[in-house]
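Subject: Structure for you to look at

Hello,

Here is the structure I promised to pass on. Please open it first, then read my notes below.

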Amino acid sequence: QVQLVESGGGLVQPGGSLRLSCITSGSFNSIDDMGWYRQAPGKQRELVALITGRGNTNYANSAKGRFTISRDNSKTTVYLQMNSLKPEDTAVYYCNVAGIGPKFSRFDSWGQGTQVTVSS
């Protein structure tokens, strides 16, 4: 079983920065894609940024130029550096990790979410 623990959310003023972290633990053979999603009240969950096992990245248009996704060398921790935050970035941010489990079946796990609030 794979567990994800997110941290780094909080309250920040417009124009400020936050760095989210997501640590993967448990039993798995390998991790492929790692991503950050967000869900604002009354809206559907949407992709913010994704990093593949090869290190390729993909960003939502709203995140381009402001957010940066990265992962550590062990590929078990993924980060989301968020700069120039706007009130419309307010949402619960979820980490998603996909890979191969101990019995060579694919897994797709979600974190519990971390609240990001951008407000003056």
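Predicted model: local features only at pLDDT ≥ 70, side-chain atom pairs only at ≥ 80, totals over all residues.

Two strands count as paired if DSSP finds at least two bridges between them.

Start with strand 5 and strand 6. Strand 6 covers residues 57-59. The two strands pair in the antiparallel sense, over 3 bridges. Ala-49 has Tyr-59 as its bridge partner in strand 6. The hairpin they form has 5 residues between the strands. In its turn, Gly-55 has a positive phi of about 95 degrees.

Strand 5 also pairs with strand 4. These two run antiparallel and are joined by 5 bridges. Arg-38 has its bridge partner, Glu-46, in strand 5. This hairpin has 6 residues between the strands. Gly-42 takes a positive phi there, near 80 degrees.

Next, the core. The largest nonpolar core has 28 residues. Trp-36, Leu-80, Met-82 and Tyr-93 have the most contacts inside it. Several strands each supply at least two of its residues, among them strand 1 (2-7), strand 4 (30-39) and strand 5 (46-51). The largest share, 4 residues, comes from strand 9.

Last, one residue to check. Thr-24 lies in strand 3. Is Thr-24 buried or exposed? Its relative accessible area is 6%, so Thr-24 is buried, the cut-off being under 20%. Leaving aside neighbours within four places in sequence, Thr-24 is in contact with Val-2, Gln-3, Leu-4, Ile-31, Met-34, Thr-76 and Val-97.

Best wishes

How values were computed: Residues numbered from 1 in each chain as written. Heavy atoms only, no water. Core = buried A, V, L, I, M, F, W, Y, C linked by side-chain atoms within 4.5 Å. Buried < 20%, exposed > 50% of the residue type's maximum accessible area, 1.4 Å probe, protein only. Contact = heavy atoms within 4.5 Å.
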